[in-house]
Amino acid sequence: MEALGYYNGQIGLLKDMTVPMNDRAVYFGDGVYEAVLVKNRVIFSLEEHLNRFERSYKALRLNFPLTREELAAELYKVVDAMDTDATLLLYWQASRATAPRKHTFPEGAKANLMITLKPITLKDMKTFRHKLITWEDTRYLHCDIKTLNLIPSVMAAQAAEEKGCTEVVQHRGERVTEGAHSNIVIVKDGRLITAPLDNLILPGITRMHLLQLAKQCGIPYEERIFTLDELRAADEILVTSSSALCLRAEELDGAAVPQTAGAIVETLQEAYRQKFEKETDPALRK
Ligand code: PDD
């Protein structure tokens with residue numbers, strides 16, 4: 001099963017696909033993106049991802065030419081071209097236009113759509129444990145918009161890997177923000193605590209699902225600023241993202257995470273697993 005690529009209507013093997021040098025994603029990272037799981041040829045939580053995508057491209061004032069329904073149809077064209085019920089990672093991005101390099105928006109700009117689809121092996125939520133490092137968050141002040149400008153996240157993720165770790169916990173001074181490519185939730189004394197939705201974090205869809213599931217399971221949660229000291233004193237640290245759902249951590253800056261809220265975490269992970277299975281049931285296939 002080879003990864004597929006799509007660019008403005010053309011589908012092919014990802015390794016053979018190219019984009020024009022004048023695509024503004026190349027020069028400026030001038031675009032926005034989404035990443036989401038697919039199983040049984042059903043795109044998981046598509047509506048939420050379309051909502052965030054629309055919010056992101058409107059924030060950048062992109063002239064995105066497709067309606068929501070048309071975009072969904074293009075995404076499903078690529079999913080159907082893969083022709084498998086396996087678990088896949090679907091990625092799409094819109095860039096502002098193809099035009100010679102000039103900072104201001106080109107006249108009559110129309111956004112480009114790029115899609116990739118590749119097989120993914122989901123980490124086992126029961127057994128996988130993250131090793132985390134803390135990392136000063138040096139990103140800009142629009143982290144709530146899912147843009148292609150990811151250099152600080154790339155540098156942070158690489159630093160983690162070079163230390164034998166799997167993700168970072170970013171912070172601005174004492175305040176914890178989020179991972180390089182995930183949101184961070186801590187558990188303390190039976191409560192979930194996660195950063196509030198503002199311009200310093202991405203409104204993660206997995207984060208939102210986890211809070212919805214906590215509510216359903218009667219687990220209290222707080223969306224509020226929390227500090228590095230609270231992170232270090234947490235019973236559990238959870239890492240949430242669309243490509244891995246909800247994973248626990250065993251280590252933070254080389255120190256063991258207590259992992260003493262196993263019952264709460266396992267309840268949430270099992271609820272999430274059931275939600276994912278239910279919402280990617282083959283009966284829901286388009
Ligand atoms: N990353 N915060 C950041 C900075 C992210 O890049 C992501 C997602 C998240 C989690 O958001 P969600 O639950 O909606 O995936 C939080 C994706 C998976 C990526 O960049 O590949």
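Begin at glycine 164, which follows helix α4 and has a positive phi, near 75 degrees. The model on display is predicted.

Next, select helix α4 itself, residues 151-162. At 1.5 Å a residue, its 12 residues should span 16 Å, and the end C-alpha atoms do lie 16 Å apart, in agreement with that expectation. Turn the view to look down the axis of α4: the buried residues fall within an arc of 125 degrees, so they line one face of the helix. To see that face, select Ser153, Ala156, Ala159 and Ala160, the buried residues of α4. An α-helix has 3.6 residues a turn, so residues three or four places apart point the same way.

Select Leu150, Ile151, Val154 and Met155 together: they form a nonpolar patch on the surface, with about 380 Å² of accessible area between them.

Finally, move to helix α7, residues 262-279. Its 18 residues should span 26 Å at 1.5 Å a residue; the end C-alpha atoms are 25 Å apart, which agrees. Among the buried residues of α7 are Ile264, Val265, Leu268, Tyr272 and Phe276. To display the surroundings of the buried residues of α7, select the elements they pack against, including β3 (31-39), α5 (205-217) and β14 (245-252).

Terms used:
Residues numbered from 1 in each chain as written. Predicted model: local features only at pLDDT ≥ 70, side-chain atom pairs only at ≥ 80, totals over all residues. Heavy atoms only, no water. Patch = residues over 30% accessible without salt bridge, like charges linked within 9 Å, V, L, I, M, F, W, Y side chains within 5 Å. Areas by Shrake-Rupley, 256 points an atom, 1.4 Å probe, with all protein chains shown as cover. Salt bridge = Lys/Arg side-chain N within 4 Å of Asp/Glu carboxyl O. Helix = DSSP H or I, 4+ residues; strand = E, 2+ residues; numbered from the N terminus. Expected span 1.5 Å × (residues − 1). Buried < 20%, exposed > 50% of the residue type's maximum accessible area, 1.4 Å probe, protein only. Arc of directions from axis to C-beta. Contact = heavy atoms within 4.5 Å.
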